[in-house]
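Dear colleague,

Here is the structure I promised to hand over, with my notes on it below. Please read them with the model open beside you.

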Amino acid sequence: LLLILLASTGARINEVLALKWSDLNNDKTRDVVELKILNSKKNYKNNFKSNFRLFDLDIKTCNQILLLKSEIELEYKNFYKKYQASKYHFKKRHVEMFRDGYNFEDRNMIASSYANIATYSCVRKWYTNIWERTYDKYIEHEVPFPHSRNVSGYTFHCFRRYYITAFRENIGEEYTKSHHETLQQLVGHEIGSPMTDKVYTDWKKENVTARKMNSKIDLGFSI
């Protein structure tokens with residue numbers, strides 16, 4: 001679930017960790033599923049942004065998330081029943097499950113086995129374990145894992161970079177200023193910020209300057 005959310009939204013790791021199941025909303029008026037993402041960076045050159053941004057999930061991704069949601073909810077119900085007999089000991093570690101008026105929708109999408117908010121160090125360990133298991137599984141495959149077993153250098157921000165570059169590549173030569181502003185809104189960048197291009201993408205200067213404003217591409221800042 002962690003990797004799906006990172007790759008499909010381009011959100012920062014702290015924004016993904018802050019997501020709750022209640023942030024997933026089926027907008028029946030638009031026939032889409034919206035994900036409400038907390039903006040972790042709200043101040044750009046003294047211009048304050050909204051606390052949240054809305055992200056439309058495609059149906060395939062949404063179905064994957066909802067399937068995992070049902071599995072996670074069932075796992076926690078079974079977990080609760082198993083340890084309910086030793087409630088005193090269990091309550092000290094499983095605070096969320098015993099909270100008055102507890103609702104699964106209120107809990108974080110990415111959480112520890114005790115239903116508490118997962119820390120960065122916790123999810124980093126999960127990520128490292130997934131990486132190493134994947135490497136071991138495909139090391140002798142005809143299409144081997146293309147990286148070393150050491151995850152160093154491939155942080156959570158790689159998924160953000162992947163989302164941004166994939167968004168631009170999918171549109172290709174027809175990429176316009178409007179597309180660029182949409183991308184910046186989706187990933188929580190200030191409209192017109194050079195960050196999207198200088199840090200996350202690599203576009204040749206001669207190709208950019210040769211295009212007319214809002215016909216092919218306009219980065220929104222001087223080159």
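I72 sits in helix α3, which covers residues 59-83; helices here are DSSP runs of H or I with at least four residues, strands are runs of E with at least two, and both are numbered from the N terminus. With a relative accessible area of 18%, I72 is buried, where buried means under 20% relative accessible area, exposed means over 50%, and partly exposed lies in between (1.4 Å probe, protein chains only). Leaving aside residues up to four places away in sequence, I72 touches L1, W21, F104 and R107, a contact being heavy atoms within 4.5 Å. The C-alpha atoms of I72 and M109 are separated by 9.2 Å, although the two residues are 37 apart along the chain.

Before going further, please keep in mind that this is a predicted model, in which local features need pLDDT of at least 70 and side-chain atom pairs count only at pLDDT 80 or more, while totals for chains, interfaces and linings use all residues. Residues are numbered from 1 along each chain as its sequence is written, and side-chain values use heavy atoms, with hydrogens and water left out.

As for the overall layout, the chain contains 9 helices and 5 strands, and these follow the pattern α-α-β-β-β-β-β-α-α-α-α-α-α-α along the sequence. Of its 223 residues, 35% count as buried. Among the contacts with a separation of 6 or more, 54% come from residues 24 or more positions apart. The chain exposes about 13,900 Å², of which carbon and sulfur atoms supply 52%; accessible areas come from the Shrake-Rupley method with a 1.4 Å probe, and for residues only the protein chains shown count as cover.

Helix α5 (residues 120-138) has 19 residues and reaches 27 Å from its first C-alpha to its last, close to the 27 Å expected at 1.5 Å a residue, the expected span being 1.5 Å times one less than the number of residues. The buried residues of α5 are V123, Y127, T128, W131 and Y135. Seen down the axis of α5, these buried residues fall within an arc of 145°, so they line one face of the helix; the arc is that of the directions from the helix axis to the C-beta atoms. They pack against α1 (2-9), α2 (13-17) and α6 (157-171), whereas the face turned away from the buried side carries the exposed residues K125, R133 and K137.

Helix α1, one of those partners, has L2, L5, L6, S8 and T9 as its buried residues, and it is followed by G10, whose phi is positive, near 70°. T9 is buried with a relative accessible area of 1%, and, not counting residues up to four places away in sequence, it touches L35, I37, F55, L57, Y163 and L186. A polar atom of the T9 side chain lies 2.5 Å from the backbone oxygen of L5, and the T9 side chain also reaches the backbone nitrogen of A11 at 3.2 Å. Such a polar contact is a pair of N or O atoms within 3.5 Å; within protein, one must be able to donate a hydrogen and the other to accept it, and residues adjacent in sequence count only if both atoms are side-chain atoms.

In helix α7 (residues 177-187), the buried residues are H180, L183, Q184, L186 and V187. Seen down the axis of α7, they fall within an arc of 160°, so they line one face of the helix. These residues pack against α1, β5 (52-57), α6 and α8, and just after α7, G188 takes a positive phi of about 80°. T196 belongs to helix α8 (residues 195-198) and is buried at 0% relative accessibility. The side chain of T196 makes polar contacts with the side chain of Q184 at 2.9 Å and with that of H189 at 2.8 Å.

Finally, a note on the cysteines. The count comes to 0 disulfides, on the rule that a disulfide is a pair of cysteine sulfur atoms within 2.5 Å. C122 is partly exposed at 22% relative accessibility, and C158 is partly exposed with a relative accessible area of 29%.
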